[in-house]
Amino acid sequence: VSLQPKFMRSVKIKEVIDALEKFAPLPLQESYDNAGLQVGLTETESSGALLCLDVTEEVIDEAIELGCNIIVAHHPLIFKKLSCITDATLVQRCVIKALQNNITIVAMHTNIDSAVNGVNFKIAEKLNMHDLQFFGGTKDVDGVAGGSGVIGQLAQPLNANEFISLLKSTFDVACVQCNELLKRPISKVALCGGAGSFLLNDAIKAGADAFITGEMHYHDYFDTEQKIQIAVLGHYQSEQYTTEIFKSIIEKNCPGVPCFITKINTNPIIYI
């Protein structure tokens, strides 16, 4: 005999967004960011959520095919002010397509980067790190703590080659951009998903043996030899597991809302 109820309570899109923003309040986002509701209405019953890093026309088509009327993205579709809505740019075309198909788009960006158990914690989880704490600045919003980066310990010390191999296999990357390989064991690791070069000096001051991020400027690699192991995965690659966080939040707080992780790789950078 099935113990499942015959009918699940309907869940409005607004409730899905509220659950996400309770986990990672919008005030945690950086001043330059535009997280939150991007396009669409919120009082409609949610038919399903498609989870992605980036919103493209192909992702919206996928949502339509799956019957989802909400897209939860990591990167905001609308980052800069739109002066008009035509078919001239990808962003404008996505806005039109979403509205035409009654799809609501919401973004959880630097607010979920900063949140406890957010993007940086997910990266650390994939590496089986422990003793995690924030570094590089912290904040508190409505009782929810946030921080720019996360630092912690590997399960066991690794030499530089072993450490890079672990990153390549864990994040399925063909290569990792590094500075000179460290000649001491790597145990204490600092990390920041996406563009985290601004935290490099904080990682060194915190005594990290290695710093993992998604992007690093060319000149940042200079004068770091044997101070810290820099390991750059790629922006998309470092944040690829963010959709798992979205899925967990929605399934826990909004049962009955079907969740789908996009099958589309939206990384605009290719490696030849």
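These legends walk through a few close-up views of a predicted model.

Local features here need pLDDT of at least 70 and side-chain atom pairs count only at pLDDT 80 or more, while totals for chains, interfaces and linings use all residues. Residues are numbered from 1 along each chain as its sequence is written, and side-chain values use heavy atoms, with hydrogens and water left out.

**View A. The six-stranded sheet.** This open sheet runs S5-S6-S8-S9-S10-S7, with mixed pairing. Strands are DSSP runs (E, at least two residues), numbered from the N terminus, and two of them pair if DSSP finds at least two bridges between them. At the edges sit S5 (130-141) and S7 (177-178), each pairing on one side only.

**View B. S9 next to S10.** Four bridges link S9 (residues 210-215) and S10 (residues 229-232) in the parallel sense. Look for Thr213, which stands opposite Val232 in S10.

**View C. The five-stranded sheet.** Here the order is S1-S4-S3-S2-S11, again an open sheet with mixed pairing. S1 (36-39) and S11 (259-261) are its edge strands. Inside this sheet, S2 (residues 49-52) and S3 (residues 70-73) run parallel, joined by four bridges, and Cys52 stands opposite Ala73 in S3.

**View D. Helix H9.** Helices are DSSP runs too (H or I, at least four residues). In H9, Thr242, Thr243, Ile245, Phe246, Ile249 and Ile250 are buried (under 20% relative accessible area, 1.4 Å probe, protein chains only). They cover an arc of only 155° around the axis, which puts them on the same side of H9; the arc is that of the directions from the helix axis to the C-beta atoms.

Definitions and conventions:
Buried means under 20% relative accessible area, exposed over 50%, partly exposed in between (1.4 Å probe, protein chains only).
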